[in-house]
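Please open the model in your viewer and keep the selection tool handy. We will go from stop to stop, picking out a few residues each time and seeing what is there.

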Amino acid sequence: MPLDTTAFHNVINGELTSTAQTRHAINPANKEPNPEVPVSTQQDLDRAVTAAKEAFRTWSKTSYEERRKAILAYADSIEAAKDELTALLTKEQGKPLGQAGVEVGMAVTWARSLPTIEVPETVLQDNDDAKVIQRYVPLGVAGAIVPWNFPVLLAIGKIIPAVYTGNPVIVKPSPFTPYCGLKLAELAIPHFPPGVVQAISGGDDLGPLLTEHPGIDKISFTGSTATGRRVMASCAKTLKRVTLELGGNDAAIICDDVDLEKIIPNVAIFSFLTSSQICMMIKRLYVHEKIYDTFLDKFVSFVKNLPVAEGTAPDSFIGPVQNSMQYEKAKNLFSSIPTENLKTALGGTITDSKGFFIPPTIIDNPPEDSRVVQEEPFAPILPVLKWSDEDDVIARANASDSALAASVWSSDLDRARRIADQLHGGSVWINTHFQVSPFVPFGGHKASGIGTEWGLQGLTQYCNSQSLWIKKA
């Protein structure tokens with residue numbers, strides 16, 4: 001039976017529930033209202049936490065194999081609903097159907113891959129006197145606060161590690177994109193005991209209710225650095241464990257020995273995918289002065305042919321930015337182009353349209369202290385800057401408070417590695433960017449976050465480390 005994407009409910013204790021008050025988000029491509037969703041209250045959250053704590057008593061005692069079996073069946077249900085989820089994702093987030101389909105496909109891959117990782121028990125000592133084992137035990141009730149840019153993959157990227165390691169999870173989708181998150185929890189109902197996977201939607205007030213709730217033991221948050229600071233402060237009141245995946249202002253360094261024809265399509269895609277609304281997109285592009293002019297001409301020629309259109313349009317690559325808040329932030333940033341006397345190589349203006357559309361904009365060698373260099377835009381505007389000295393460009397790339405990721409592009413791998421080894425970031429790539437895997441930990445340094453998601457390290461962050469001493473004498 002096809003997944004119903006016309007009615008949306010909270011999922012609490014294995015049941016679809018409604019609330020007295022509802023609200024709706026909008027389709028960013030045309031500003032038309034999407035369906036009504038619940039507006040959850042403190043009482044709704046309390047019910048979900050009570051159900052999760054009850055579920056923890058038994059779910060935490062199940063084996064990894066039992067959890068793995070349930071998760072893989074859940075992954076099958078997500079895959080069976082991939083067409084409906086893809087269309088719904090485009091409708092709520094705005095990204096083109098092709099990119100939405102890739103995100104849903106990645107979510108299925110993550111759901112199937114993460115539970116294949118073995119969480120180890122390590123024997124630290126074994127002698128005639130005692131045996132000491134380090135092991136990882138379930139932490140408790142997890143709260144997953146999911147952003148609006150990748151609402152399917154990042155929800156699954158929190159749900160699966162939580163339940164695989166024995167913890168119930170309560171998902172709070174973004175108020176801008178609540179629809180897929182609620183459906184993911186609905187799809188989980190047949191596969192998990194009541195209370196193990198729940199989801200509640202609401203407004204901006206719901207996040208602080210989760211982070212301060214004494215019955216929630218861990219928060220995994222993905223969002224802006226400013227909000228992440230508030231989440232951490234709120235979690236500190238009850239000493240919650242916390243994982244924060246926050247903003248980035250990723251630098252890419254292009255050396256003078258690259259093959260321009262080969263790298264420009266990749267660099268462009270990794271700069272403007274999802275209308276640049278990905279924390280790990282290239283946000284600052286440093287190009288060696290020897291090839292700067294040629295690179296810029298070819299880069300502009302490629303980018304200006306990327307179709308800007310509603311996500312349902314054939315061949316669309318750049319859809320709208322997701323919401324009015326982000327649109328207004330982008331307009332404010334664009335206002336700095338004339339006030340700072342910046343030179344545009346492409347675009348530079350935002351015209352009114354039926355949706356939140358922004359044409360791709362490239363800024364030609366702006367000053368390092370300009371807003372387009374210093375701020376994370378989360379919109380399709382990219383500064384391209386010259387460099388000549390290796391130490392200088394490394395220092396410029398590292399000057400940001402953000403340190404989520406970075407990349408180096410060179411045909412000389414020794415040179416690329418020398419530069420990469422000096423860059424700040426939780427992920428550093430050579431001759432690529434935005435490569436992720438369920439088996440590879442992902443997180444930021446400095447103000448880009450605390451802790452990691454995914455991989456073994458991401459799984460163990462949903463656990464307590466426990467030392468078991470067995471006295472033999």
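Start with the second largest pocket of this predicted model. Its lining divides into nine nonpolar, five polar and two charged residues. To find the spot, select Gly 98, Gln 99, Val 102, Glu 103 and Leu 273, which lie nearest the centre of this pocket among its 16 lining residues. The space in the second largest pocket comes to about 220 Å³.

**Next stop: helix 4 and helix 5**

Keep Glu 103 selected, because your next stop uses this residue again: Glu 103 belongs to the contact that helix 4 makes with helix 5. Now show helix 4 as residues 97-113 and helix 5 as residues 153-164. How do these two helices run relative to each other, roughly parallel or roughly antiparallel? Their axes cross at roughly 10° and come within 8 Å, and helix 4 and helix 5 are therefore roughly parallel.

**Helix 5 from another partner**

Leave helix 5 on screen and bring in helix 2, residues 64-80. The axes of helix 2 and helix 5 come within 9 Å, with a crossing angle of roughly 155°. Angles over 145 degrees count as roughly antiparallel, so that is how helix 2 and helix 5 lie to each other.

From helix 2, select Tyr 64, Arg 67, Arg 68, Ile 71, Tyr 74 and Ile 78. Helix 5 answers with Ile 156, Ile 159, Ile 160, Val 163 and Tyr 164. In this contact of helix 2 with helix 5, nine residues are nonpolar, none is polar and two are charged.

**Into the largest pocket**

Now select Phe 221, Gly 223, Ser 224, Thr 225 and Thr 227. They lie nearest the centre of the largest pocket, which is lined by 46 residues and has a volume of about 1,300 Å³. Which element gives the most to this lining? Show helix 8, residues 225-236: helix 8 contributes seven residues. Others that give two or more residues include helix 7 (206-212), strand 10 (218-222), helix 11 (324-334) and helix 13 (371-374). If you colour the lining of the largest pocket by class, 19 residues come up as nonpolar, 17 as polar and 10 as charged.

Rolling a probe the size of a water molecule over the atoms shows where empty space is left. In this structure there are five cavities of 30 Å³ or more. For the largest cavity, with about 130 Å³ of space, select Leu 154, Ile 278, Met 280, Phe 434 and Trp 454, which lie nearest its centre. Of the 13 residues that line the largest cavity, 11 are nonpolar, one is polar and one is charged.

The second largest cavity holds about 80 Å³. Arg 284, Ala 397, Ser 402, Ala 405 and His 424 lie nearest its centre, out of a lining of 15 residues. Strand 17 (402-403) and strand 18 (405-409) are the elements that give two or more residues to this lining. By class, the second largest cavity is lined by seven nonpolar, five polar and three charged residues.

Finish with the open sheet whose strand order is 5-6-22, with antiparallel pairing. Its edges are strand 5 (122-126) and strand 22 (463-471), each pairing on one side only. Neighbouring strands here are turned by 20° against each other on average, direction ignored.

Zoom in on strand 5 and strand 6, which form a hairpin with three residues between them. Four bridges join strand 5 to strand 6, residues 130-138. Which residue of strand 6 is the bridge partner of Thr 122? Select Gln 134 to see the pair. Then pick Asp 126 and look across to strand 6, where Lys 131 stands opposite.

Technical notes
Residues are numbered from 1 along each chain as its sequence is written. This is a predicted model: local features need pLDDT of at least 70, side-chain atom pairs count only at pLDDT 80 or more; totals for chains, interfaces and linings use all residues. Side-chain values use heavy atoms; hydrogens and water are left out. Two strands pair if DSSP finds at least two bridges between them. Axes are lines fitted to C-alpha atoms, for helices over the stretch in contact, and angles run from 0 to 180 degrees between N-to-C directions. On a 1 Å grid over the protein atoms alone, a cavity is a set of points where a 1.4 Å probe fits but cannot get out, and a pocket is an open set with protein on both sides within 12 Å along at least five of seven lines; lining residues have an atom within 4 Å of a point. Grid points are joined across faces, edges and corners, and a volume is the space filled by probe spheres set on the points. Ala, Val, Leu, Ile, Met, Phe, Trp, Tyr, Cys and Pro count as nonpolar, Asp, Glu, Lys and Arg as charged, and the others, Gly among them, as polar. Angles under 35 degrees count as roughly parallel, over 145 as roughly antiparallel, 65 to 115 as roughly perpendicular and the rest as oblique. Contact means heavy atoms within 4.5 Å.
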